[in-house]
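Open the model in your viewer and keep the selection panel at hand. We will go stop by stop.

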Amino acid sequence: MDALPISLIRHLADFGMLVILWLVQLVIYPSFLRISADQLVLWHRSYTTRVGFVIIPTMFTQLFCQLWAATTSGGTLNYLSLTTVLVCWILTFFVSVPLHNKISNGEGEPATLNRLIQTNWPRTVLWTLAFILGIAAA
């Protein structure tokens, strides 16, 4: 069996992140507001561990493929796509992860949860844009 071409892996990873982010934005994060405060910490710790098995490999695959496309093919669309992914990584680790840490530490009051939802919109839009740019660059 032949290996999948890296361009197809890129599109799959880009699409995977698009789907994940829209599910997180429209379904998962808003559901945190409906979970009782005493259950939220336990649920959130379980959620972040389990979802990490899907998100972390997808993020790294996407980053590798984006770097590959930008360095081997070049082109404005590939550079823009890589830039959007890098911005998503920055937002993830400097905005989203600290908010998730607060929730896991029992500081998941509605203001924190609403901040998580609101600050996730830029990531959702940018990961959608990375997918579109990747398709356009193909």
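Select D14 and R10 to begin. Both residues are buried. This is a predicted model.

**Stop 1: the pair in helix 1**

D14 and R10 meet in a salt bridge, with 3.6 Å from N to O. Both residues belong to helix 1, and four residues, about one turn of the helix, lie between their positions. How many salt bridges does the structure hold? It holds one. Side chains of opposite charge can pair when their charged atoms come close.

Stay on D14. Why does D14 count as buried? Its relative accessibility is 0%, so it falls under the 20% cut-off. Now show what surrounds D14. Setting aside residues up to four places away in sequence, D14 touches Q62, Q66, A130, F131 and G134. D14 and I132 are 118 residues apart along the chain, yet their C-alpha atoms are separated by 8.7 Å.

**Stop 2: the whole chain**

Zoom out and switch to cartoon. The chain has four helices and zero strands. From the N terminus, the order reads α-α-α-α. Colour the helices by these ranges:

- Helix 1 covers 6-32.
- Helix 2 covers 37-72.
- Helix 3 covers 76-104.
- Helix 4 covers 110-137.

Along its principal axes, the C-alpha trace spans about 50 × 35 × 20 Å. Of the 138 residues in the chain, 41% are buried. Look next at contacts with a separation of 6 or more: 76% of them join residues 24 or more positions apart.

**Stop 3: the largest nonpolar core**

Select Y29, F32 and W127. Within the largest nonpolar core, which has 24 residues, these three touch the most other members. Helix 1, helix 2, helix 3 and helix 4 each supply at least two residues of this core. In soluble globular proteins, nonpolar side chains tend to be buried together.

Which residues does W127 contact, leaving aside neighbours within four places in sequence? They are M17, L21, M59, Q62, V85, C88 and T92.

**Stop 4: the cysteines**

The structure holds zero disulfides. C65 is in no disulfide, and the nearest cysteine sulfur, that of C88, is 16 Å away. C88 is likewise in no disulfide, with the sulfur of C65 as the nearest cysteine sulfur. Are these residues buried or exposed? C65 is buried, at a relative accessible area of 1%. C88 is buried as well, at 0% relative accessibility.

**Stop 5: the surface**

The chain has an accessible surface of about 7700 Å², and carbon and sulfur atoms account for 72% of that. Select F15, V19, W22, L23, L26, V27, W121 and V125. Together they make a nonpolar surface patch of about 700 Å². Helix 1 and helix 4 are the elements that give two or more residues to the patch. Which element gives the most? Helix 1 does, with six residues.

Finish on L23, which lies in helix 1. L23 is partly exposed because its relative accessible area, 46%, falls between the 20% and 50% cut-offs. Compare D14, also in helix 1, which is buried at 0% relative accessibility.

Note on methods: Residues numbered from 1 in each chain as written. Predicted model: local features only at pLDDT ≥ 70, side-chain atom pairs only at ≥ 80, totals over all residues. Heavy atoms only, no water. Patch = residues over 30% accessible without salt bridge, like charges linked within 9 Å, V, L, I, M, F, W, Y side chains within 5 Å. Areas by Shrake-Rupley, 256 points an atom, 1.4 Å probe, with all protein chains shown as cover. Salt bridge = Lys/Arg side-chain N within 4 Å of Asp/Glu carboxyl O. Buried < 20%, exposed > 50% of the residue type's maximum accessible area, 1.4 Å probe, protein only. Disulfide = S-S within 2.5 Å. Core = buried A, V, L, I, M, F, W, Y, C linked by side-chain atoms within 4.5 Å. Contact = heavy atoms within 4.5 Å.
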